[in-house]
Amino acid sequence: MVKLVIHPSKKQSKINKEIYGHFSEHLGRCIYEGIYVGEDSPIPNKNGMRTDVVEALKEIKVPVLRWPGGCFADEYHWKDGIGPKENRKKMINTHWGGVVEDNSFGTHEFFELCEQLGCEAYVNGNLGSGTVQEMSEWVEYITFKGVSPMSDLRAKNGRKEPWKLAFFGVGNENWGCGGNMNPDFYANEYRRYQTYVRNYDMENPTAKICCGANVDDYEWTSDVLKTCYRHSPVQFHGFMDGLSLHYYVHPEGWEIKGSATEFDDKVWYKTLNKAFYMDELIRRHGNIMDEYDPDKKIGMIVDEWGTWYTVEPGTNPGFLYQQNTMRDALVAGITLNIFNKHSDRVKMANLAQMVNVLQSVILTDGADMLLTPTYHIFNMYKYHQDAQLLDSFVETENIGVEEEWQVPNLTESVSMDADGNIHITLTNLSLTEDYPVETILTDYEAKEVKGEIVHGEMTDKNTFEDKECVKVCEFTGAEITEKGIRFTIPRCSVLHLTVK
């Protein structure tokens, strides 16, 4: 019998809702076809946004959306995407597939999408190939309410009132596709550019996100922070509000990656082992951040994460279209539990990407749409948003078929929402073993427990022929005991329990 111990009286950090954020880049069929079909499309839409996709995303309570990239951000010039669509400049998307980008989805369309979703906006600015003036004017165009050339231009294009801009990224992956910069050079550029990212609306300030490291580049984190805060005030807020981190799980490495749907038990455990690496990355980058920011006022922003496999056969390699299986559901469950546990430092995360690209929550085919296993994990975990992390611990043992790639059999995180309900999310990584769990709730009397679960075989997936192979099912196996609750978590599953 496995013991899960929860201390409801020991409340820890707040789990920011933005940890459950998403990312939509001008890449493949993410924006076009996936989210935006245009006002004249026969596919049902509201102001060009697919009604079915928007409604599905509202169900999982998307809290924040990052746009326009990604690598695309540092070749994107925002003035090309405003004004009458027939007059907008066309360009070649050099990063993703070499296709024509007609800029029909621009600033106004992005904020329309955010308003339909009811989510916050995270705009990523062009530092790599753009100017300080261009970035500064974009922020002014979006947020300034008074009389100015940019607010006048916004009104001319049909929007008199400014939008709320919660987050602004000053460049993206500037160690790579955003300019191949050294950390000290980027840090000085960040200092310069962020100076002109003005907070025009002090009641709704814009948080500034600095470009952080690629995976385990701890030198980047250290050098960027050292340079950024040299001769700078001790008060960091307003200068840097967040530092990003990017990490993708490639089962077979960056070059090969591996199939999204065809894999064996060895690759299953190897993939999940690599998902656990997120915990080490957060701890080690966090330790460096603690040297400069011991009070944790700067958020770690994991604004690109997820699985990255070889594209589906017969699809454009530059579109990064991949299927989604129970393996992805487990990666999502593991990773979100890690983020919850580190919510004192991790303040936002953005799954890459929202629709039709990498670890998507939705796939589309013309007018058709399906929800992926990853979607269902976000739907179960949404109750953690803005809840209070509780102190918890679960007994584990290492499992796997190869010693190098062994993993803990279980992961968990527990929170308490504003109404006092306790939410437990638990993953079972084993392909063969169910685990009986004795949950001890200290100084707390459980009166009611409800459950829901996603489980199946490791390669189970949803297709347009079978959209509900993987879905959320009611879990009725939990019972209340004198000490807490007792249940058995099935193999290859992600479980959510609500305790009242």
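A: Just after helix α2, G118 takes a positive phi of about 70°. Helices here are DSSP runs of H or I with at least four residues, strands are runs of E with at least two, and both are numbered from the N terminus. The model is predicted, so that local features need pLDDT of at least 70 and side-chain atom pairs count only at pLDDT 80 or more, while totals for chains, interfaces and linings use all residues. Residues are numbered from 1 along each chain as its sequence is written, and side-chain values use heavy atoms, with hydrogens and water left out.

Helix α2 itself runs over residues 107-117 and is mostly covered, with ten of its eleven residues buried. Buried means a relative accessible area under 20%, exposed means over 50%, and partly exposed lies in between, computed with a 1.4 Å probe and protein chains only. The buried residues of α2 are T107, H108, E109, F110, F111, E112, L113, C114, Q116 and L117.

T107 is among the residues in contact with W138, where contact means heavy atoms within 4.5 Å. W138 lies in helix α3, residues 132-143, and is buried, at 2% relative accessible area. Leaving aside neighbours within four places in sequence, the contacts of W138 also include W67, P68, Y76, W78, V123, N124, G125 and F168. From W138 to D74 there are 64 residues in sequence, and their C-alpha atoms are 14 Å apart.

N124 belongs to strand β8, residues 120-125, and is buried with a relative accessible area of 1%. Beyond four places in sequence, N124 is in contact with W138, as well as with R66, W67, P68, G69, A73, G169, G171 and N172. G69 also takes part in a cis peptide bond to G70, with omega near 15°. G70 is found in the loop between β5 (64-67) and β6 (91-92).

E109, another buried residue of α2, can be set against a residue of a further helix. T195 is in helix α5, residues 183-195; E109 and T195 are 86 residues apart in sequence and 27 Å apart in space, C-alpha to C-alpha. At 36% relative accessibility, T195 counts as partly exposed.

The backbone of the model has further points of this kind. Most residues other than glycine have a negative phi, and most peptide bonds are trans. K296, which is not a glycine, has a positive phi of about 55°. K296 lies in the loop between α7 and β12 (299-307) and is partly exposed, at 25% relative accessible area. L320, likewise a residue other than glycine, has a positive phi near 55°; L320 is located in the loop between β12 and α8 (326-341), and counts as buried at 8% relative accessibility. A cis peptide bond also joins A352 and Q353, with omega about -10°, and Q353 sits in the loop between β13 (346-352) and β14 (362-365).

The wider setting is as follows. The protein contains nine helices and 26 strands, and 61% of its 500 residues count as buried. Among contacts between residues at least 6 apart in sequence, 76% join residues at least 24 apart. The largest nonpolar core has 134 residues, and Y186, M240, W305, F339 and F487 have the most contacts inside it. Helix α7, residues 265-292, supplies the largest share of this core, ten residues. A nonpolar core is a set of buried Ala, Val, Leu, Ile, Met, Phe, Trp, Tyr and Cys residues joined through side-chain atoms within 4.5 Å. F339 touches I19, M278, I282, V302, W305, V346 and A349, not counting residues up to four places away in sequence. A second, separate core of eleven residues includes A352, together with L27, V357 and L358.

As for overall dimensions, the C-alpha trace spans about 65 × 55 × 45 Å along its principal axes.
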